[in-house]
Amino acid sequence: MSDSSNEQQPIIYLQNVSVGYDGNEEVLSNISLELQPGSFTFITGKSGSGKTTLLNMLYLIKKPSKGVLRVFGKNINFSNRDILSLLRQRVGVVFQDFRLLEHLSVYDNIALPLRIKGMGEKEIFKRVSELLNWVELSEYIYKTCNTLSGGEKQRVAIARAVINRPDILFADEPTGSVDPEIAGKLMRLFVELNKVGTTVLIATHNEQLTTTYNYQRINLYNGTAKLYPALGRV
């Protein structure tokens, strides 16, 4: 558990951050914002506004071209591969295209991060079983992922992302390929995760989602970003 001094600093901090690709025009420019531990934030903006680029940077796949990015208090531009690897262990990611191993079972997909860490199979089975119950997929434990619906795959992806009990969970358009009923179930999972202390960031173009769930919002427009507080909240 972090000490009290660490808990007071932002979990994510950006100062004058810009991001570009291979010398081309910057996708994001001069962004400054900070997010507190335990916060819930939507990332919004039109298609092509840079939502996925921002997520790639925040979950440590891409470094800023300019400016300062700190995650868990670490300056990412001055962090080597080993430090970044340790930081990524504290992060969970739900990708837009799921990125499941389709030929493996639901169980094996969710268990994979724990096996990489070298956890024993008995503890792995306990944790995976608990999570499958939580995402209402217990009866699918040994089904291969290529037999699942889009909504079922999304819940497996969420379970895999949180099996390591991350400090931050990122989700890229997690409700984009499911119907409203499943979208509501997925959002309730994210809300419950946030209630137990996980910092949650969700990139979405779904305005109804951001209206229904009143959380702060980072809006991207023309390469810039502005943080809006939740309505009616201090």
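Modeller: The discussion below passes from the overall fold to a helix, the salt bridges and some individual residues.

Modeller: This is a predicted model, in which local features need pLDDT of at least 70 and side-chain atom pairs count only at pLDDT 80 or more, whereas totals for chains, interfaces and linings use all residues. Residues are numbered from 1 along each chain as its sequence is written, and side-chain values use heavy atoms, with hydrogens and water left out.

Colleague: How many helices and strands are there in the protein chain?

Modeller: Helices (H or I, at least four residues) and strands (E, at least two) are DSSP runs, numbered from the N terminus. Here the protein chain has 8 helices and 10 strands.

Colleague: What does the radius of gyration of the protein chain agree with?

Modeller: The radius is taken over C-alpha atoms, and the globule rule is 2.2 Å times the number of residues to the power 0.38. For 234 residues a compact globule would have a radius near 17 Å, and the 18 Å of the protein chain agrees with this. Along the principal axes, the C-alpha atoms fill a box of roughly 50 × 40 × 40 Å.

Colleague: What percentage of the residues count as buried, and what percentage of the contacts join residues 24 or more positions apart?

Modeller: A residue is buried under 20% relative accessible area, exposed over 50% and partly exposed in between (1.4 Å probe, protein chains only). By that criterion, 50% of the 234 residues are buried. Contact means heavy atoms within 4.5 Å. Among contacts with a separation of 6 or more, 68% are between residues 24 or more positions apart.

Colleague: How many salt bridges does the structure hold?

Modeller: Side chains of opposite charge can pair when their charged atoms come close. The term salt bridge is used for a side-chain nitrogen of Lys or Arg within 4 Å of a carboxyl oxygen of Asp or Glu. The structure holds 9 salt bridges.

Colleague: Which parts of the chain does the pair of Lys 66 and Glu 26 tie together?

Modeller: In this salt bridge, the closest N and O atoms of Lys 66 and Glu 26 are 3.2 Å apart. Lys 66 lies in strand β4 (residues 66-71) and Glu 26 in the loop between β1 (12-19) and β2 (28-35), so the pair ties together parts 40 residues apart in sequence. Glu 26 is partly exposed, at 31% relative accessible area. Besides Lys 66, Glu 26 touches Ser 18, Val 19 and Gly 20, residues up to four places away in sequence being left out.

Colleague: Where do Asp 167 and Arg 90 lie?

Modeller: The side chains of Asp 167 and Arg 90 meet in a salt bridge, at 2.8 Å from N to O. Asp 167 is in the loop between α6 (150-162) and β7 (168-172), and Arg 90 is in the loop between α3 (81-88) and β6 (91-94); the pair links distant parts of the chain, 77 residues apart. Asp 167 is partly exposed at 32% relative accessibility, and Arg 90 is partly exposed at 30%.

Colleague: Which residue forms a salt bridge with Lys 185?

Modeller: The partner of Lys 185 is Glu 136, with the closest N and O atoms 3.5 Å apart. Lys 185 belongs to helix α7 (residues 180-195), while Glu 136 is in the loop between α5 (121-134) and α6, 49 residues apart. Glu 136 has a positive phi of about 60° although it is not a glycine. Glu 136 is partly exposed, at 48% relative accessible area. Elsewhere, Asp 108, Arg 115 and Glu 121 are linked in a network of salt bridges.

Colleague: Is Ile 76 buried or exposed?

Modeller: Ile 76 is found in the loop between β5 (74-75) and α3, and counts as buried at 1% relative accessibility. Leaving out residues up to four places away in sequence, Ile 76 touches Leu 60, Lys 63, Leu 69, Val 71, Leu 84 and Leu 87.
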